Structures are given as structure tokens and as C-alpha cells.
Amino acid sequence: MTRKKLNTLFVALVAFLLLFLMTGPAGQASAAQAEPKKKLVMGTSPDYPPYESVDAKNNGEIVGMDIDIAKYITSQLGYELEIASMDFNGLIAALQTGRVDFVMSAMSATDERRQNVDFSDYYYAARNTIVSKKSAPFETLESLSGKLVGTQLGSTQDLFAETIEGAQLKKLNKIPDLIQELNSGRIDAAIVEDAVAVEMTNANPDLAMNFLPADLEENGYAIAFPKQSELVASFNGVLSDMKEEGKLDEISRKWFPEPEKPADKLLGINIDFSVLKGYIPYILKGVYVTLLFTLVSALFGLVWGTVLSLFKISGIKPLEWFATAYTSVFRGTPLLVQLTLIYYATPQLTGYDIPALMAAGLAFGLNSAAYLSETIRGGIMAVDKGQREAAIALGVPYRKMMVRIIFPQALRNILPALVNECVALLKESSLVSVIGVADLMRRADVVRSNEFRALEALLFIAAIYYVLVLILTTFARMLERRLRRSD
Amino acid sequence: MINVTGLTKTFGKNQVLKGITTTVEKGEVVALIGPSGSGKSTFLRCLNMLETPTTGTITIDGIAITDPKTDIARVRQRIGMVFQHFHLFPHMTVLDNITFAPIEVKGLKPEAARVKARELLARVGLSDKADSYPSRLSGGQKQRVAIARSLAMEPDIMLFDEPTSALDPEMVKEVLNVIRSLADSGMTMLIVTHEMKFAREAADTIYFLDDGKLVERTKPEQFFTSPQSERAARFLEQVL
């Protein structure tokens, strides 16, 4: 196991969505023109630079060291290569069901996996690496005794670090978090994989890295095939040629470059917005996703919240109980829990593989409705009871009375509260990145992990959120003025 | 036209109406008078089922409106009601207030409804306020719009629940004049009022209610000159 399970799932989903949102599936373009040549489909989870990642700056193509190696081998063997992007956890299943011919995804050849698939020879071995501040470097495991060491939760290095004697561990979710903690001095060192360490030190000139000896058994990467695949032998043949000819080193040097010269720093503040260059269009596309999502969940919440509020004032006991219990549950549990439950439990309970964006819209709408139902109920109750009597006396039917007489006045009462709810939804929408919706937050995370820089993308999207909220409140003020013209 | 038999109404433990039986003829103008808490307003509100009677029956042109099977919304279209606090729809213009029910309830064409509304506004002397919002109007103007709004449904019966009680004194007259001209036009009307002079001049019949009972039902002249009951005499002594 080389990778963190949960994170991988999320990131893979993003990558998947990106492909659809930005370019359409990258692999299919080449598939379309493959007539006479035999074609091999390779499965990969493009969330692990430099092995494989989505090139967010250029059309979302999948690039990386694994991809280059795969291209070389397949072309040597006379095949056309098609890349299928999927969740890391689904790769083995894809092999077993024949959806892909082989898998290259920085996958370690563990015994557990060997029971289900065949592996080629190792083509690369990752080294555990200590990353620390240049001013206070750590070179050996022994020197880490008594120090606070950061790791990425669930990674191979996380397990490895457990064995360091005397070291105290701090487990974080993301690589950029590790960088941030190093920079701010909250941890003394971090243990990560070599590829990650190279990127970290490249992006942060203050950091130094020290490789630990490679261990093929632990960290050797190999190509996976279905059991009894005839491809194993021919792939191994090309691999050993590549090792001899230095082709493998050439490719790995391309993807693991030497650290660049330290850049000039201003005032010791480690923020450089030029790292966002090229990513801006990619991040801005998240505005659309975030706004769409906010709109959908706000509308859904408003409609469902209205229905619930009508239940509450209906005078029909079962409906009242239902609405009250509903509100109690959805207000009484964290939104993040609801979101995660809906996303993961729906496929298990109903067999319907709910798309992330729909799950998110549903969760936020359902949650928002609970709050809004109370607001709307209050707004309706605050409308003078004489309005209702006047309408009844005129013979206006209930529905028409509610829609044309009561709601417009209630809406005016609750507009400020509604705007607050929309602002809250807009900001809380950043939670959906947890299940892989490619909103602003998610995109910032992608950029952070691509660039190994912690703060720039976050500051950038914070500014975007703020501008969006400003626009929303301005719009609301205009609407309020319009509604108040009758005063 | 209106037949009320054995009408009672109880709120919780408090019996507000204690058995009222009476008949209102077509074109009759009835003024309901009595001390506060005597049940005048509750009685009026029972007549279009804004309050559901506890016992007793009410029939209007032979239709038993107290019968749960009766389509009460249809009956209400024929009964206009004017409230003490006007209850105009604040988010609509004066014209929209008046045309709303004819268009939405009766299905009148908007154009026809607007023509009719302007006629009614002229009748209550507010032609220039058609496009104003209620918040721009004085109390007297609001009440006149409210009357026009009820009349737009072309009701057979008009109920007035203390129509001038919430008005500044100088505005009472303009509203009473409208009501009086309506009475002169032959409309069947029941008016809860504290304006004794108006009741005496405009009403055909005075109902004196006290403690949930219809104590006197007489001609105005007789009521104001020689009330039959001691309670009515005492009441008149206090208000005149």
C-alpha cells in the first residue's frame, strides 16, 4: 500500500470530473483514430504527480513519469496506448473485469495485491525522505529522536515513521499542510516519498531534503496485469532493455529534476502569487461550479423549506410532527456528516451511484430547508392575520391566498434572513470539495498539491468567495429596495 | 334573506353568543349596537363563517352555510366584509387590491375588472389613487378602498365590522357617507358601529346585543327614544 485510501478517492473523482468538465475524456481522442493498430488500455489514477497527474494548465491531459514509460513500452511493442482514468481503489477491479489491460499508477507490488494480479519487474523504487528547514536540517533517522515529525495520514511513510525511535508524530491530511507546518515551525521535519520531497523543496527553497536508502520490497513500483496475462513477459523484456540503455533513468530524470536555484525572497514572507500563473482559468471555472451548486441548493432548500413550513402551520398533526422531527435532525447534526453520509450511503442503500454534485446539492438543500422552514414559518406567522381574513372574506381559495397574498409579504419579512442563508450556502459550499466536486475549494487544493505551495491558491479563492458574497449582498439590497417600494 | 336560528359561539370556556335567532330581509340595513364584549363582532363574523358557530344554523337565500357540505368559499363571494383595520393588501396598488378577487376568484378579464374598479374608485371618491400603494393613503382613504374592494365582487350582502373605529375623527364622515349611499342603493347590510347618530339615520333596524344575547330588535326611532329594556336604556345613557 503506497497510498492513502480516502484522499485518493476524492482526488480521483476530481480528476474524473475535470476531464468531463474541461476537455471531455482525453483518452478517447486517440481511441477514435485507432483502426489497424492494436490498442492497449492502461488504467491509472491521475492524482499523484510526478507519476501521473492531470495537467490542469494544459487541457487537462494526463501526464507523468508512468505515462511516459507506458508510452515508450507500448510503442516498442507496437501497440496504441489509451489511458483510462479512474479511482485508485478501482484499479484492481478494472483489471479483473478486463476493462483495462494493465495498470500503472505508482502501485507497489504488495503480497496482498499479488493474490489478485500479476506484476512486472520493478521499474522504480521510491525512497523515504526527510524534509526539514534548511536552517535546521535532519539527515538521519536517529537525529529525529525527540522531535515532532509530520506525515501524511495513511501514507506508507506514515507507517514507516511509526518505527522511528523517540519521534513524536503529527499526522496531517495533505502535503501542502505539511509544508505549511514546516514553514511555520510547528513540526521539525516531515517524512514523505522522494518524488513529493523533490516537489516540496523545489517550491519552497527554505526546505532541504535527505533521501533514506531505497527499499524495493517496501516501495518498489511495478506494472500490474490481469492474472496469467501474456503481456507480462514482453513488458519485462522492454523494461530490462530500458534499464540497460538508460532510458528509464532518462525518463525519471525528466520527472525528478534537481532542485532549482533558490528564488529571491521579499521580507521573508513566503508567498509568491506567480505560482498561480497558468492555473487562473482552471480555478475560475470553479466559480461556475460553486455558483451553480449554490443556486441549485438554495432553490431546492427554499422550495422544500416552504413545504416544511406549510406542514408546520397546517394544523395536521402527522405533518407537523414530521416537519418538526425533520428540522430537529437536520439542524442537530453536522452538515459535513450529512453530506458524507448521503454521498456514500446512497449507492449502498439504493444501488444508485449518485453523482457527487447531486449528492452535494441534495445534502445542502435538505439541510438548508430545515433552517429555512423555521425562517419561513416565522415570516408567515408575522403576516397580519387580518390579511388572511380579508382574503377569506373575498372568497380567495387557500392556495391562491398563500401564493399571492401571504408569501409575498412573508418574503419581504424574511428577505434579510434568506440572503444570510444564501451567503452561508455560498461559503459552506467549499465543504463539497470533500466528496470531490470540482468547486473553487477543490480546485485550489488541486493547485496546492500540484505546486506544493500552501497559501497562494487559498488566498486567491478566499478573495473570489469574498467578491461573490459582495455581489450577492448588493443584488439582495437591490431586491429588497424593490420589494419595499410599496412602503 | 338571512335566517339565524339558535346561534351560539363558545371560545374555550367563554360563551360569547348565547342563542341568537333573527331574520334579515333583502335590502334591510341593520345596525348592531351594544357594549364591548357583547358579541356584536362575533355575530357578524359568524355570518360569513370567519368564526364557525358552536351550535345553531345560518341560511342565506336558503343555503345553510353552517352545513359542512356547503361550499363556503362560493357563499363568501356574495358577502362583502369591511374590517375595522381595513386589511388592504400592502404589496399591491389600490387598483390591484380591488381587481385581485374579481380576476382570481371570479375569473373576470383583467381589462373588465380594471374598468369596474375605476368606476368603484370614482364612487368612493378616490379616482386619483388607483396606482398608489395603501401605505400612501390616510385611514379614511384606506377604508374607502376596502369598501370598493368588497363591492368589486358585487356582493348581495355587506358586513361592516366597526368600519370607523380605527379612524381619526375627521375621517369618519367620509367613510360613513360612502356607507350611507350604499345603504340608499338598497344593499342588504349589517353594520357593527358605535356611531349612534349614523345608526339612527341610516339603519332600518337596530339590534341591541348584550352579553351574547339579542336583547332588542327595533326601529331606530323607537330604540333611541324609548328603549324597552333597562340595559339598553342604561347603555344609551352612557353613550349619548
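How much area do chain B and chain A bury between them? In this predicted model, the two chains bury about 2000 Å² between them, and 61% of that area lies on carbon and sulfur atoms. The contact involves 25 residues of chain B and 20 residues of chain A. Three salt bridges are found across this interface. Glu104(B) forms a salt bridge with Arg404(A), and their closest N and O atoms are 2.9 Å apart.

Let me turn to chain B itself. The domain assignment divides chain B into domain 1, covering 1–78 + 175–240, and domain 2, covering 87–154. Contact between these domains takes seven residues from domain 1 of chain B and 10 residues from domain 2 of chain B. Taken over C-alpha atoms, the centres of the two domains are separated by 26 Å. About 680 Å² is buried between domain 1 and domain 2 of chain B, with carbon and sulfur atoms giving 77% of it. On the domain 1 side, the residues that lose the most area to domain 2 are Gln77(B), Val175(B) and Val178(B), which together make up 70% of what that side buries. The count of salt bridges between these two domains is zero.

I close with the surface of chain A. Which residues make a nonpolar surface patch of about 310 Å²? The patch is made by Ile271(A), Phe273(A), Leu455(A) and Leu459(A). Of these, Phe273(A) sits in the loop between helix H11 (247–255) and helix H12 (280–312) of chain A.

Definitions and conventions. Residues numbered from 1 in each chain as written. Chains lettered and ligands numbered in written order. Predicted model: local features only at pLDDT ≥ 70, side-chain atom pairs only at ≥ 80, totals over all residues. Heavy atoms only, no water. Patch = residues over 30% accessible without salt bridge, like charges linked within 9 Å, V, L, I, M, F, W, Y side chains within 5 Å. Areas by Shrake-Rupley, 256 points an atom, 1.4 Å probe, with all protein chains shown as cover. Salt bridge = Lys/Arg side-chain N within 4 Å of Asp/Glu carboxyl O. Helix = DSSP H or I, 4+ residues; strand = E, 2+ residues; numbered from the N terminus. Domains from an automatic or database assignment. Contact = heavy atoms within 4.5 Å. Buried area = accessible area lost by both parts, 1.4 Å probe.
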